Amino acid sequence: MQNHSCIQIGMSLKKISYILLLTIFHACSSGSSKSADTHSADTDSTALPPVVETIAELPDTMYESAKKVKFNIERTDTTSDGHISSLTDLYATAPGTFTFRQGPLRQADFGGRITGRPSEFIVDWTFHTQEDYTETSVGSWGGGTGWTGQPLYVEWPDSILGAMKKSGAVNRDFSGKEIMVGSLFGSVYFIDYTTGQASRQAIPVGNPIKGTISLDPTLNGNLYVGQGVPGKRPFGALAINLFTNKQFHFFPEDPKAQRRWGAYDSSPIRVGQFLFRPGENGTIYKLVAAAGKLTMHTALRYTVNGAAPGIEASMAVYANYGFTADNHGNILGINLNTMRPVWMYTLKDDIDATPVLAIENGKPYLYVGCEIDIQDVGSAKFVKLNALDGKEIWKTDIEGRRMNIGKKHFDGGFYSTALLGRGNAEHLVFANCVKNTSGQNGALVALDRKTGETVYQIPLKYYAWSSPVSFINEKNEMFIVTGDCSGNLYIINASDGKIITSKRIGSNFESSPVVIGNSLVIGSRGNSIFKITLK
């Protein structure tokens with residue numbers, strides 16, 4: 001996989017910076033009788049020296065394409081001009097996976113490793129959430145996880161783990177390796193990765209969670225959660241202090257929003273002292289983040305062609321530029337210092353997939369695909385863009401359609417976020433595409449990263465919303481694992497697209513998995529979360 005050299009340096013320093021982080025936490029806790037909540041305030045990132053800068057700050061500019069965007073910037077915090085204090089990739093040294101698809105580039109480089117050629121799935125444990133099928137004005141949701149629903153994984157440092165056990169925030173026998181996942185039941189669940197048992201009590205949040213929750217990478221204890229369905233009011237976004245297991249922030253439906261839908265499926269991202277949270281209400285929020293505290297700084301509200309689109313995709317970040325995609329097909333590059341649009345590109349159909357950043361020959365590029373929704377019958381478009389100016393490098397069309405069944409419709413195209421090739425498949429980019437050309441069918445699509453040419457399409461047993469993940473073996477061979485919406489998991493040889501094996505394990509894998517070593521954790525609709533090892 002191609003990465004910027006400074007990012008490679010940051011990853012190589014991971015062990016060093018992790019030891020430094022532990023030393024700081026031990027220093028904060030020694031000789032102190034503070035509670036866990038007070039202790040958390042001492043561990044906020046503002047007290048930590050930066051490890052490595054990913055890249056120099058990008059210019060404050062606006063290209064002609066951005067002039068199509070009508071926007072209003074509302075700044076409520078006058079104590080700061082909004083300039084990001086440090087462009088350090090905070091996720092590069094975090095001990096685990098703290099947001100959707102790993103970090104600001106959204107590359108899903110979880111570091112999955114295996115030996116030899118995997119040929120089977122072993123279910124190590126199954127964790128069950130609660131279920132609730134009460135009918136509401138927006139349907140019934142049960143439990144388990146939905147789209148995107150990726151679990152998080154954290155290995156708590158000993159100093160923090162000890163403080164949490166002492167305060168009773170986690171169970172006494174908790175190993176310190178924790179899975180966190182937001183559920184359609186309307187609670188956040190916490191699982192001991194080692195045993196599959198609850199590591200702490202589930203925390204109810206009032207409404208179903210569809211998207212991926214986000215843990216602050218500074219280890220200050222902040223967990224950011226977005227509600228996805230308004231089963232009841234209030235409805236919005238919130239934050240939880242994991243040292244007390246109590247909610248400390250709630251942001252309800254925004255009366256100033258130009259779109260009247262207050263869901264938050266997007267997984268928030270932390271850059272410097274700020275947290276960025278796109279909403280489905282046509283607004284991108286910039287908040288000052290500290291331990292146990294969130295303060296609104298700026299809200300960017302925008303329209304294109306007179307309409308305010310919602311954002312379900314998660315924001316990708318490169319230096320001080322953020323990249324979002326919305327349900328009208330617009331892809332925006334934004335200067336996160338000023339919150340002003342830098343450029344805009346449109347695919348003219350709903351985009352729920354998250355843009356993925358790749359650094360190729362020292363330059364950043366974006367990969368993302370759209371759905372087949374507005375156009376009904378046609379093609380799902382997948383595009384590669386220059387991330388600095390939004391110019392199209394190539395665009396590919398994948399045939400498909402929207403399917404109407406009774407009063408419901410099932411969109412075609414890309415719900416799946418792209419996966420960059422690694423090892424012997426580094427020249428490819430992969431994504432699951434809903435075809436709907438022969439019933440509710442789908443395929444894993446592999447495209448050439450230089451040309452956009454379709455290298456292969458591998459039919460799956462059913463359509464897939466889940467995003468694929470990868471494993472690399474000792475021969476640098478890449479293997480893909482992906483799920484479909486009928487509960488099947490597949491192991492696929494990335495270089496030629498041959499399915500090595502498939503197995504029905506869940507009821508519906510809308511959710512995307514997180515990878516730890518030679519295992520993955522993935523949630524299913526219904527009530528099940530699985531830890532699965534590749535053999």
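Trainee: How many salt bridges does the count come to?

Mentor: This is a predicted model, in which local features need pLDDT of at least 70, side-chain atom pairs count only at pLDDT 80 or more, and totals for chains, interfaces and linings use all residues. Residues are numbered from 1 along each chain as its sequence is written, and side-chain values use heavy atoms, with hydrogens and water left out. A salt bridge here is a side-chain nitrogen of Lys or Arg within 4 Å of a carboxyl oxygen of Asp or Glu. By this rule the count of salt bridges is 15.

Trainee: Which residue forms a salt bridge with K256?

Mentor: The closest N and O atoms of the pair are 2.6 Å apart. Helices (H or I, at least four residues) and strands (E, at least two) are DSSP runs numbered from the N terminus. K256 lies in the loop between β12 (246-252) and β13 (269-271) and its partner in strand β1 (residues 69-75), so the pair ties together parts that are 182 residues apart in sequence. The partner of K256 is E74.

Trainee: Is E74 buried or exposed?

Mentor: Buried means under 20% relative accessible area, exposed over 50%, and partly exposed in between, with a 1.4 Å probe and protein chains only. K256 is at 51% and therefore counts as exposed. E74 has a relative accessibility of 19%, so it counts as buried.

Trainee: Which residue forms a salt bridge with D254?

Mentor: The closest N and O atoms are 2.7 Å apart in this pair. D254 is in the loop between β12 and β13, and its partner, 47 residues away, is in strand β16 (residues 293-304).

Trainee: Where does R200, the salt-bridge partner of E178, lie?

Mentor: E178 and R200 have their closest N and O atoms 3.0 Å apart, and both residues are buried. E178 is in strand β6 (residues 177-182), 22 residues from R200. R200 is in the loop between β7 (187-192) and β8 (203-204).

Trainee: How many residues of β7 are buried?

Mentor: In a regular strand the side chains alternate between the two faces of the sheet. In β7, S187, Y189 and I191 on one side and V188, F190 and D192 on the other are all buried. The strand is largely enclosed by the rest of the structure, because the buried residues number six of the six.

Trainee: What is the bridge partner of S187 in β8?

Mentor: Two strands pair if DSSP finds at least two bridges between them. β6 and β7 run antiparallel and are joined by five bridges, with V181 partnered by Y189. β7 and β8 are also antiparallel, over two bridges. In β8, S187 is partnered by P204.

Trainee: Which strands stand at the edges of the open sheet of four strands?

Mentor: The order in this sheet is β9-β10-β11-β12, with antiparallel pairing. Each edge strand has a single partner strand, so one side of each is left without a neighbour in the sheet. The edge strands are β9 (214-215) and β12.

Trainee: To which backbone nitrogen does the side chain of N320 reach?

Mentor: N320 is in the loop between β17 (316-318) and β18 (321-325), and is buried at 0% relative accessible area. Contact means heavy atoms within 4.5 Å; not counting residues up to four places away in sequence, N320 touches several residues, including E57, I84 and N337. Its side chain reaches, at 2.6 Å, the backbone nitrogen of L58.

Trainee: Which side chain is joined to that of D373 by a polar contact?

Mentor: A polar contact is a pair of N or O atoms within 3.5 Å; within protein, one must be able to donate a hydrogen and the other to accept it, and residues adjacent in sequence count only if both atoms are side-chain atoms. D373 is in the loop between β23 (371-372) and β24 (377-386) and is buried, at 16% relative accessible area. The residues that D373 touches include D349, D350 and H409. Its polar contact, at 3.0 Å, is with the side chain of R402.
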